[in-house]
Amino acid sequence: MRFTALALALALHFSMPIAGFAAGGDTTTPPTPSETTKKCWGKRVWDDEAKKCVKPEESSLNGQQLLETARELAYLDRFEDAQAVLAAHPEQTDSRVLTYWGFTNRKLGRSDLASEYYTRAIAQDPDNILARSYMAQGFVETGQYAQALAQWKEIKARGGEGTWAETSLRQAIQTGVTVNY
């Protein structure tokens, strides 16, 4: 059965309004600008210990800080810079790291590579609803609405109803517009 945007909009009739949640959480607040995005350009991050901008792999940032920095850079459409930060993460097989590799590659127009990262993230953690949402938004971008709808249902089945991942995907399916962060 082929789904159209109108059929999906009807299938996604929902009772609660769509909120503007920020990626990775249930907040409408975008990432707070850090010293990295205030002072550093290119593939550099702010290092509090060194008190200067350094290459991500030379920084004292821990894994969580690297993920937050990559998210902040992606929010500002600095996808290649975000990838430099991701490359410095000590656990490249972490589901969250794979998710952001997928996201940044999708935004850089590398859909096939993005799909591979999302698939690996979901294989690592089937409950990674953010990876499912981002992958499905890629499906929306390429007109594969049936696959997007399947991921939306999977997110809901995994307890993600009302989260940023579910809400942003629902909005993308309904409007055809995906998120940029």
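Guide: A polar contact is a pair of N or O atoms within 3.5 Å, one able to donate a hydrogen and the other to accept it. The model discussed here is predicted.

Visitor: What makes the pairing of the side chains of Thr178 and Glu141 a polar contact?

Guide: The side chain of Thr178 lies 2.8 Å from that of Glu141. The cut-off is 3.5 Å, and the value of 2.8 Å therefore qualifies as a polar contact.

Visitor: Why is Thr178 called buried?

Guide: Thr178 is found in the segment after α9. Its relative accessibility is 15%, and buried means under 20%; therefore Thr178 counts as buried. Beyond its neighbours within four places in sequence, Thr178 is in contact with Arg106, Lys107, Gln137, Val140, Glu141 and Ala172.

Visitor: How do you know that Glu141 and Arg106 meet in a salt bridge?

Guide: Their side chains approach to 2.7 Å, N to O. A salt bridge requires a side-chain nitrogen of Lys or Arg within 4 Å of a carboxyl oxygen of Asp or Glu, so the pair of Glu141 and Arg106 meets the criterion. Glu141 lies in helix α7 and Arg106 in helix α5, so the pair ties together parts that are 35 residues apart in sequence.

Visitor: Are Glu141 and Arg106 each buried or partly exposed?

Guide: Arg106 has a relative accessible area of 5%, which is under the 20% limit, so Arg106 is buried. Glu141, at 40%, falls between 20% and 50% and is therefore partly exposed.

Visitor: What separates Glu166 and Arg170 in helix α9?

Guide: About one helical turn separates Glu166 and Arg170, because they are 4 residues apart in helix α9. Their closest N and O atoms are 2.7 Å apart; with a limit of 4 Å, the pair is therefore a salt bridge. Both Glu166 and Arg170 are buried. Elsewhere, salt bridges that share partners join Arg106, Lys107 and Glu141 into one network.

Visitor: Why are Glu35 and Lys39 called partly exposed?

Guide: Glu35 has a relative accessibility of 26% and Lys39 one of 46%. The structure holds 9 salt bridges.

Visitor: Which residues have the most contacts inside the largest nonpolar core?

Guide: They are Leu86, Tyr134 and Ile173, in a core of 42 residues. Helix α7 gives the most to this core, with 8 residues.

Key: Residues numbered from 1 in each chain as written. Predicted model: local features only at pLDDT ≥ 70, side-chain atom pairs only at ≥ 80, totals over all residues. Heavy atoms only, no water. Core = buried A, V, L, I, M, F, W, Y, C linked by side-chain atoms within 4.5 Å. Buried < 20%, exposed > 50% of the residue type's maximum accessible area, 1.4 Å probe, protein only. Helix = DSSP H or I, 4+ residues; strand = E, 2+ residues; numbered from the N terminus. Contact = heavy atoms within 4.5 Å.
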